[in-house]
Amino acid sequence: MQTLFSPSVSSSDVTEPSLQTSKSTPSPSVIRLWRPSAQRNLRNQWSKLVPLKEKWSSASSSGRTHATNLVNSYLSRRYMPGINLGVLKDMPNIRETAIIKLALQQELHQKRLLSSYKEMVGVVSQMISISNSMRSFVKGPTGSPLIQYLSNNREDGDNGDCGGVPVFKFFSISDFENLAKELVQMFGLELILKRMVLIELLSIISEESKPDTDEYCWSDELYPGELDDLSACNLYSEQTSEPVLPRVNGWKSSDSVDRRVNSQPDPKALEVFLTIWLQEVNIDSLRIDDIFVIVNEEMKIRLV
């Protein structure tokens, strides 16, 4: 099965895909049978990527809102003992009651933030599955009109690309796969960067609300089954037995990410975490638009 991220990816990088293209060109009759089904399959697969892109945007935006609410509840609770309550100061247990309420809010926003993150993991997983399903493999005898769409080769010598011939006008299957791979790589890198922000926020909150508990580490599972989900996204390193390290596209780091200098950062530091989440530095929106325009023009359809 082809993957856009290597299963044995190192902890600091994402590797290039290994795309196989058959060297010999099939006969014209085989191409005539293969091309309409390949075109249909590619249209179907690319049309699935559009709503996933929108689903990511929605989950990322919701995550930013939940993260902001989490930070605000944390700061309010942190500074509650020193706040001048004015005429409310003489009310029995007013501070304690407020702190309990804020703690409940923190827990709620934390769950919602994790839910948004989990949704983004699902988006990347689905993108990879779609990107690995762009080849069309002939089912049965060569002259059969039946075409089976598979992500793995079930016929000897059939690479699913009909010898690299153009599917529509110019692009081969590999060309479409490379464009999809470019999309997936952006979202995969951004996902793992958001995971770093998420762990930092969860560690801060847990230290304040549950000081006796251990802080979150990079190798921890943030929700049940998360490591399996990251493995499906090829964002989990078998070499280090933990998720790959985050990085900004074009920049590599071998530093550990679970080394935390200040257990109680000031509000400006927390604002930086929220800004990192919002900016999506690994996602080039203009390039994504360009990719869909290229695909639209090649397929002569309107995806977006």
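**View 1. A network of salt bridges around E190, K194 and E280.** In this predicted model, salt bridges join E190, K194 and E280 into a network, a salt bridge being a side-chain nitrogen of Lys or Arg within 4 Å of a carboxyl oxygen of Asp or Glu. Residues are numbered from 1 along each chain as its sequence is written, side-chain values use heavy atoms, and hydrogens and water are left out. Because the model is predicted, local features need pLDDT of at least 70 and side-chain atom pairs count only at pLDDT 80 or more, whereas totals for chains, interfaces and linings use all residues.

View 2. S60 belongs to helix 1 and, with a relative accessibility of 6%, counts as buried, where buried means under 20% relative accessible area, exposed over 50%, and partly exposed in between (1.4 Å probe, protein chains only). Leaving aside residues up to four places away in sequence, S60 is in contact with M120, K194, W277 and E280, a contact being heavy atoms within 4.5 Å. K194 and E280 are also members of the salt-bridge network that includes E190.

**View 3. The buried side of helix 5.** Which residues of helix 5 are buried? They are L270, F273, L274 and W277, and because they cover an arc of only 95° around the axis, they lie on the same side of helix 5; the arc is that of the directions from the helix axis to the C-beta atoms. An α-helix has 3.6 residues a turn, so residues three or four places apart point the same way. The 13 residues of helix 5 should span 18 Å at 1.5 Å a residue, and this agrees with its end C-alpha atoms, which are 18 Å apart; the expected span is 1.5 Å times one less than the number of residues.

**View 4. F176 in the largest nonpolar core.** The largest nonpolar core has 67 residues, and those that touch the most other members are L42, W46, F176, L191 and L201; a nonpolar core is a set of buried Ala, Val, Leu, Ile, Met, Phe, Trp, Tyr and Cys residues joined through side-chain atoms within 4.5 Å. Two or more residues of this core come from each of helix 1 (28-79), helix 2 (94-131), helix 3 (173-209), helix 4 (226-232), helix 5 (267-279) and helix 6 (285-299). Residues up to four places away in sequence not being counted, F176 touches L42, W46, M134, V167, F168, F171, V295, E298 and M299.

**View 5. A salt bridge between R135 and E177.** The side chains of R135 and E177 form a salt bridge with an N to O distance of 2.9 Å. R135 lies in the loop between helix 2 and strand 1 (136-138) and E177 lies in helix 3, so the pair ties together parts that are 42 residues apart in sequence. R135 counts as buried at 2% relative accessibility, and E177 likewise counts as buried at 1%.

**View 6. A salt bridge between R287 and E182.** The closest N and O atoms of the salt bridge between R287 and E182 are 2.6 Å apart. With R287 in helix 6 and E182 in helix 3, the pair links distant parts of the chain, 105 residues apart. R287 counts as partly exposed at 25% relative accessibility, and E182 is partly exposed as well, with a relative accessible area of 27%.

View 7. E107 and K111 meet through their side chains in a salt bridge of 3.7 Å, N to O. The two residues are 4 residues apart in helix 2, so E107 and K111 are separated by about one helical turn. E107 is partly exposed, with a relative accessible area of 43%, whereas K111 is exposed, with a relative accessible area of 53%. A search of the whole structure finds 7 salt bridges.

**View 8. Y236 in strand 3.** Y236 is part of strand 3 (residues 236-237) and counts as buried at 15% relative accessibility. Y236 and S219 are 17 residues apart along the chain, and their C-alpha atoms are separated by 9.8 Å. The chain as a whole has 6 helices and 4 strands, and its elements run α-α-β-β-α-α-β-β-α-α from the N terminus on.
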